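Here is a short report on one protein chain. Keep the sequence and the model side by side as you read.

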Amino acid sequence: MNPRLPRLVIVPRALLIVEELGGFAPTASELRRHARETVATLWRDDEPGEPGAVAIITGGMQVKSPHQTSAPGSFSPYGVDVTVSGGTELPELLGRWLIEDYARRNSEGHTDRVIQATCFDSIAEALAAGHTRLLVLVDGAFGLADDSPVGVIEGAAEADALCSLIAGQDCSTVNVENVVFPAPGAYAAELWQQLSKAAESWMGSGMTVVKRSYYDGAPYGIGYHVASWQCVAE
């Protein structure tokens with residue numbers, strides 16, 4: 001596969017993914033396994049050597065940590081002494097944890113291997129900066145079940161169904177511009193719109209976007225979508 005063509009993965013902003021936070025209950029283990037497998041596709045079929053840089057798409061970093069005075073690159077505000085290379089807010093912390101976890105698990109004897117990661121508010125900004133490996137941290141809809149942080153909310157299921165289509169279906173793009181995502185996941189509408197527009201743009205540029213859904217569920221009333229996209233020249 002041409003390494004210059006975009007590769008994109010979608011992973012939720014779920015603390016369950018981090019072993020020290022999510023533990024090894026079946027729900028957490030399944031989500032973590034799929035997240036790891038999906039993130040690995042960003043470097044699949046690369047030539048041997050140092051893995052290429054990756055862009056973390058955060059959508060403006062609206063998810064704040066519980067304590068604003070936390071040291072950069074630490075999950076300590078969430079109750080565990082786990083550090084990463086930077087960040088004070090959940091999307092960047094999770095993105096860096098996933099990337100650094102991949103580097104550790106695929107070090108091939110190089111324990112000091114580092115994959116450069118840069119945060120961007122949008123997919124368009126990352127592409128403009130020359131990145132082709134994109135890690136998008138975004139939840140689906142809140143309010144899908146009683147155990148959601150906001151309870152059941154009317155219309156949430158319809159919004160999350162659109163997320164499922166965008167994430168994993170090889171079909172015409174889906175527009176979520178006028179769809180309401182219940183708080184605290186209201187930020188998600190913009191990121192899902194970016195994803196829809198990115199797929200439309202790539203397909204309009206003579207590429208096929210091959211999508212694969214690894215996980216699609218709502219174990220705590222929040223839509224979790226894990227998917228990979230690979231652009232292939234037609």
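## Strand β1 and its partners

Strands β1 and β4 run parallel and are joined by five bridges. Within that pairing, V9 stands opposite L135 of β4. β1 also pairs with β6, this time in the antiparallel sense, over four bridges. There, L8 has W229 of β6 as its bridge partner. Note that this is a predicted model.

Which residues of β1 point one way, and which the other way? R7, V9 and V11 take one side, while L8 and I10 take the other. In a regular strand, side chains alternate between the two faces of the sheet. Both sets in β1 are buried. Five of the five residues of β1 are buried, so the strand is largely enclosed by the rest of the structure.

## The chain as a whole

The protein chain has six helices and six strands. Along the sequence they follow the pattern β-α-α-β-α-β-α-β-α-α-β-β. Of its 234 residues, 54% are buried. Take the contacts between residues at least 6 apart in sequence: 66% of them join residues at least 24 apart. The chain exposes about 10,500 Å², and carbon and sulfur atoms supply 50% of that area.

## The nonpolar cores

The largest nonpolar core holds 37 residues. V39, F75 and L135 have the most contacts inside this core. Several elements each supply at least two of its residues: β1, α2 (26-40), β2 (54-57), α3, β4 (133-137), β5 and β6. Which helix gives the largest share of this core? That is α3, with eight residues.

V39 shows how the parts meet. Leaving aside its neighbours within four places in sequence, V39 is in contact with V9, V11, L98, Y102 and L135. Two of the residues named there, V9 and V11, point one way from β1. L135 is the β4 residue that V9 stands opposite.

Another core, of 34 residues, lies apart from the largest one. Its members include L5, V176, A198 and A199.

Helix α3 covers residues 90-105, which is 16 residues. From first C-alpha to last, α3 reaches 22 Å, close to the 22 Å expected at 1.5 Å a residue. Because 14 of its 16 residues are buried, α3 is largely enclosed by the rest of the structure.

Helix α5 covers residues 156-168, which is 13 residues. Its reach is 19 Å, close to the 18 Å expected. Its buried residues are A156, A159, D160, C163, S164, I166, A167 and G168. An α-helix has 3.6 residues a turn, so residues three or four places apart point the same way. The cover over the buried residues of α5 includes β1 (7-11), α6 (188-204), β5 (207-217) and β6 (224-233).

The loop between α5 and α6 contains P184. A cis peptide bond joins A183 to P184, with omega about 5°. Most peptide bonds are trans.

## Salt bridges

How many salt bridges does a search of the whole structure find? The search finds six. Side chains of opposite charge can pair when their charged atoms come close. The table lists some of the pairs.

| Pair | Closest N to O |
|---|---|
| E19 and R36 | 2.9 Å |
| R212 and E37 | 3.8 Å |

R36 is buried, at 17% relative accessible area. E19 is partly exposed, at 25%.

D101 is buried, with a relative accessible area of 5%.

Next comes the pair of R212 and E37. R212 lies in strand β5 and E37 in helix α2, so this pair ties together parts that are 175 residues apart in sequence. R212 is partly exposed, at 43% relative accessibility. E37 is partly exposed too, with a relative accessible area of 31%.

Some of the bridges share partners. Through them E19, R36, D101, R104 and R105 join into one network.

Methods
Residues numbered from 1 in each chain as written. Predicted model: local features only at pLDDT ≥ 70, side-chain atom pairs only at ≥ 80, totals over all residues. Heavy atoms only, no water. Expected span 1.5 Å × (residues − 1). Buried < 20%, exposed > 50% of the residue type's maximum accessible area, 1.4 Å probe, protein only. Contact = heavy atoms within 4.5 Å. Areas by Shrake-Rupley, 256 points an atom, 1.4 Å probe, with all protein chains shown as cover. Core = buried A, V, L, I, M, F, W, Y, C linked by side-chain atoms within 4.5 Å. Salt bridge = Lys/Arg side-chain N within 4 Å of Asp/Glu carboxyl O. Pairing = 2+ DSSP bridges.
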